[in-house]
Amino acid sequence: MVITARSLLKTLWIHGKKHTGVGLVCAVAYFDPGNWGVDLQAGSSFGYRLLFVVLLSGLFAVFFQVLCSRLGCVTGLDLASHCRVMLYPRMVTRVTLLYPLYILSEMAIIATDLAELLGSAIALCLLFPALEIWHGVLITAFDVLLILALGDPLRGRPVRIFEVIIAILVIAVLICMCIIIARVDVHWPSAFFGYVPSKYIFKDGALYTSVGIIGATVMPHSLFLGSALATQDRVSESSDDLDEEKPKGQTFKQRIRYAFRIPPMAPQRTPTNNPLSFVKTHLYHGMADVVISLVCFAVVINSLILILAGATLPSATNAASLFDAYDLIRSAVSPSAASLFAVALLFSGQSSSLIATVAGQAVSEGFLNIRLSPVFRRLLTRLMSLIPALTVAIAVGKEGIDTLLVASQVILSIVLPFIVFPLLWLTSNKRVMTVQDEDGNSVCFANHIVATLLGAAIWLLVVAANIYVLVSLGEGTS
């Protein structure tokens, strides 16, 4: 088959118009404020040497996010719903596996949103020095009100305005970081050499930080959200909005009542798998969107953050905090570069907060098969993270906030294997990943044996690194 320039341009136009969005939404999770804390610690403590870990963890994220996209597109169910369908029927698996897995998932989302709140609060304090940390936490907590006005990105046709806002924030972060790096004296040969694998990561403290980078990059909540968004029909103009009760032309008061209504019980969701035509239309566009977005935005932004720390904070005897990084950039580069640093951090925190609240909705609906009001669920997610964030901000203040950010990412890395295991099992199962064509023939989209072995190897690597970190923490060596 000959691919002409015209057909290629047409494909690119269709991809950009219809399919771009999910990848950018998922990419946000991979450079949230938790990443900033870990990457700054890595750069200030070890220079450019851990860039290889940033690249490796980015490739891990691409691999798992593609699996989530395949699972949602082929089966029509997200990862959380599959866990419920697989584990709910038997009381033993329900009590010993399903509910503990749900609790771990909620803990991951709370830890994630905690990092977003603290990161955004720090950015506000950097931009407005008169503010205390807890002031910034309260102010940024209300960004959830923005998402309440954007409809429900998980249900019905994709909410394009939601994706556009996220895209603007992502591009703004990238532009800010590029401007800052252009003003910094980076020794690029050494920086690029940092992408070469090295045994340096086994140096005292480097492996702990490396696990933090993995935990900050491969985010459990993004896997749930990515699989949920992949179930949407992004081509048909006649996609039904599953929220059929939504009134048209309502007043502001009616909108408020509607937002906090108690919706009817969700119908029992079971895997029926999408038709082959749907899979062919969406699968490869979705995979390309995820790969391009994560590589071009997430990996690049994380690398720039670490390079910035390695170039401006090489003489730090201890891991530099976000406040230290801001002060040193202000004195060593320029006040405008420091302000851009704070603005990029704020955009990162705000976009990540929006994603975390929607992911919390996907987790609760999928695992428990309940239909909560999206407004109520998002407010609940925000409140569960707001209380510990305020407690830490008031009790600890500026000191120790960055340590908490890094620790939260290590926690996410420890939770990650419990989320990835069912993903690998489901996408490698031919019965789950098989669809029927128009003639009744079976077409299998399960993982190839190579992909299955690669996923298992990554899973074992993460588990081994987590065990090492837990032992090191127990011995007091990390």
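In the predicted model, Tyr 102, Phe 224 and Phe 367 are linked into a cluster by ring pairs, and the structure as a whole holds six aromatic pairs. The pair formed by Tyr 102 and Phe 367 is classed as tilted, because the ring centres lie 5.7 Å apart with the planes at 55°; Tyr 102 belongs to helix α6 (residues 91-127) and Phe 367 to helix α16 (residues 335-368), so that this pair links distant parts of the chain, 265 residues apart. With a relative accessibility of 16%, Tyr 102 counts as buried, as does Phe 367 at 1%. Between Phe 224 and Phe 367 the ring centres are 5.8 Å apart and the planes stand at 65°, and the pair is therefore edge-to-face. Since Phe 224 is located in helix α12 (residues 220-229) and Phe 367 in helix α16, parts of the chain 143 residues apart in sequence are tied together by this pair; Phe 224 is likewise buried.

Phe 367 is also among the residues that touch the most other members of the largest nonpolar core, a set of 133 residues, together with Trp 36, Phe 64, Val 137, Met 177 and Phe 341. The greatest contribution to this core comes from helix α14 (residues 276-312), which supplies 17 residues. Leaving aside residues up to four places away in sequence, Val 137 touches Leu 117, Leu 118, Ala 121, Leu 386, Ala 389, Leu 390 and Ala 393. Another core, lying apart from the largest one, has five residues, including Tyr 208, Val 410, Ala 465 and Val 469.

As to confidence, the protein has an average pLDDT of 79, with 78% of the residues scoring at least 70, whereas the pLDDT is below 50 over residues 239-245.

Methods
Residues numbered from 1 in each chain as written. Predicted model: local features only at pLDDT ≥ 70, side-chain atom pairs only at ≥ 80, totals over all residues. Heavy atoms only, no water. pLDDT = per-residue confidence, 0-100. Contact = heavy atoms within 4.5 Å. Core = buried A, V, L, I, M, F, W, Y, C linked by side-chain atoms within 4.5 Å. Buried < 20%, exposed > 50% of the residue type's maximum accessible area, 1.4 Å probe, protein only. Helix = DSSP H or I, 4+ residues; strand = E, 2+ residues; numbered from the N terminus. Phe/Tyr/Trp six-rings, centres within 6.5 Å; stacked < 30°, edge-to-face > 60°.
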